[in-house]
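Open the structure in your viewer and keep the selection tool at hand. The stops below say what to select next and what is there.

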Amino acid sequence: MKSDKLLGNRGLSIKKNSTDINLKGFSGYELKHSKEIDDEIARIGPGTKAGEYFRRYWHPIFISSELGDLPVAIKILGEELVLFRDQSLQLGLVHKHCPHRQASLEFGICQKTGISCCYHGWHFDVDGSILEVPGQPEHTQDFIKQKVRLGAYPTHEFKGLIFAYLGPIEKKPEFPNYDSLDFDGMEMVPYKAPFDCNWLQVLDAIVDPIHTSFLHSNMSRQQFSEGFGEVGQIDFFERDNWILGCNTRRVGDNVWFRVNEVVLPNFTQAGAAFAADGTRQILYGRSSFTRWVVPVDDETTICYAWANFGERGDPQEYNTPEGPELIEQGEIFDRPYEQRQRFPADREACEGMGPINIHKNENLLASDQGVAMMRQKIREQIRSLDAGKEPLKVTELKDSPIPTYGGDSVINIPSSVQDENDFFSKLAHEFIKIQFEVDGKSEKERVEIVTNKLKEIQSRENP
Ligand code: FES
Ligand SMILES: [Fe+2]
């Protein structure tokens, strides 16, 4: 494993003692486990440091088509909220409890503008300001309108997902215009994937590419395409808000680059689940999902995402009701317990760690470098914000659109040496550098340049 900017074994820990105890065997009594949760990076509720960090970014919170004419109670970042669409089709995202006497607005009445509380009829606009306090004298109404507010957050609806910003209003960033939100010929289908565990253990999986070879390939059954069983070489790269893991594998006479991507704090993309298997040439394929890992509370997470179908994503034949779940984790989510045991997928792996994974009980290896890097980077950002410095915002890094890198490329390079890992690592570094060099160019130019450079590598390695 190599990294552009890895600092030795930073964050990696092999515990000497645990190895000693294992060597003795039957060490159950002696082997003690920590109960200490890494609160600094795991807990995201209001007033926590990580919670404050998350409250500097837009997050998807609901699927548009699931919001009807009734309000819904939801929880995001540990906050109890109510989402509704008023009769003028404006979205409202407000604190759950009415500021009068705390009735829940999930039982509120959606009005032409805003929502009214069912209990005494206080009427709120979508920004939380009070429009009417029925049955009260005018001076009381005026007083209440001036002195009381319902907490509310800005929303943004885009391609079937509803996003919200839960931070200080004066720090609200632009909605991030990632390149992958608008690829020609890509059909983006919204989906959600719930996990009963802390957000970080769900996010960890994306910077842990090697799990694909085991959980999704060699352990129970082939959940994605066949080539995933080959471990290959894994290199990690970090840059600004990004962490990339490039898995480079040999499949016959081809070399397959699969790039997993996290843009902190929780935006993720990866290569295709089914379109790529290493057997056919792919020049600059892109991610089969565009996804955010959204903390509901400290022990519950929902991934909101689009599954991407089309020439540069996954094949249309997977554009079925179950398709996005198969792309997400290789198995459908809701299935009998025995099935989950026989054919475990990400839900089983992540939830099985417990509600909040205790990092002190882990033994990280070199293949966990991406996980260590990501946690470290998150910690740095959280501490930096706590010290008064605003965290990196993707929209400040580049003019729009913001370049992303998750995807597959497969080129023809027949094997020429026995141990190819160093060769693969060099190729991966070259491939990522090519992509970084076209940042800021139009999508058309990027496709043209990256495709041509991949063809050049192919020619160079086929003398
Ligand atoms: S509790 Fe909502 S109007 Fe009284
Ligand atoms: Fe997975």
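On helix α12, the side turned away from the buried one holds two exposed residues, D422 and K433. Keep in mind throughout that this is a predicted model.

**Stop 1: helix α12**

Select residues 421-437, the 17 residues of α12. From first C-alpha to last, α12 reaches 24 Å, close to the 24 Å expected at 1.5 Å a residue. Now colour F424, L427, A428, F431 and Q435, which are buried in α12. These residues lie on the same side of α12, because they cover an arc of only 105° around the axis. The general rule behind such a pattern is that an α-helix has 3.6 residues a turn, so residues three or four places apart point the same way.

What covers the buried residues of α12? Show strands β14 (233-239), β15 (242-251), β16 (254-263) and β20 (407-412), together with helix α13 (443-460); the cover includes each of them.

**Stop 2: α12 against α13**

At what angle do α12 and α13 pack? The angle is about 155°, and the axes are 10 Å apart. The two helices are therefore roughly antiparallel. The contact is made by L427, E430, I434 and Q435 on the α12 side, and by V450, K453 and I457 on the α13 side. Two of these α12 residues, L427 and Q435, were also among the buried ones of the previous stop. The crossing of α12 past α13 is right-handed.

**Stop 3: helix α6**

Move to residues 211-218, which form α6. Its buried residues are T212, S213, L215, H216 and S217.

**Stop 4: helix α10**

Select residues 369-386 next. This is α10, with 18 residues and a reach of 25 Å from its first C-alpha to its last, close to the 26 Å expected at 1.5 Å a residue. Buried here are Q369, G370, V371, A372, M373, M374, R375, K377, I378, Q381 and I382. After α10 comes G388, where phi is positive, near 105°.

**Stop 5: E311**

Finish in the loop between β19 (300-309) and α7 (323-329), where E311 lies. Is E311 buried or partly exposed? E311 is partly exposed, because 14 other C-beta atoms lie within 10 Å. Then draw a distance from E311 to L365: the C-alpha atoms are 36 Å apart in space, and the residues are 54 apart in sequence.

Definitions and conventions
Residues numbered from 1 in each chain as written. Chains lettered and ligands numbered in written order. Predicted model: local features only at pLDDT ≥ 70, side-chain atom pairs only at ≥ 80, totals over all residues. Helix = DSSP H or I, 4+ residues; strand = E, 2+ residues; numbered from the N terminus. Expected span 1.5 Å × (residues − 1). Buried ≥ 20, exposed ≤ 12 C-beta atoms within 10 Å, placed from the backbone. Arc of directions from axis to C-beta. Contact = placed C-beta atoms within 7 Å. Axes fitted to C-alpha atoms, helices over the stretch in contact; angles between N-to-C directions. Parallel < 35°, antiparallel > 145°, perpendicular 65-115°, else oblique. Left-handed = near helix turned anticlockwise from the far one by under 90°.
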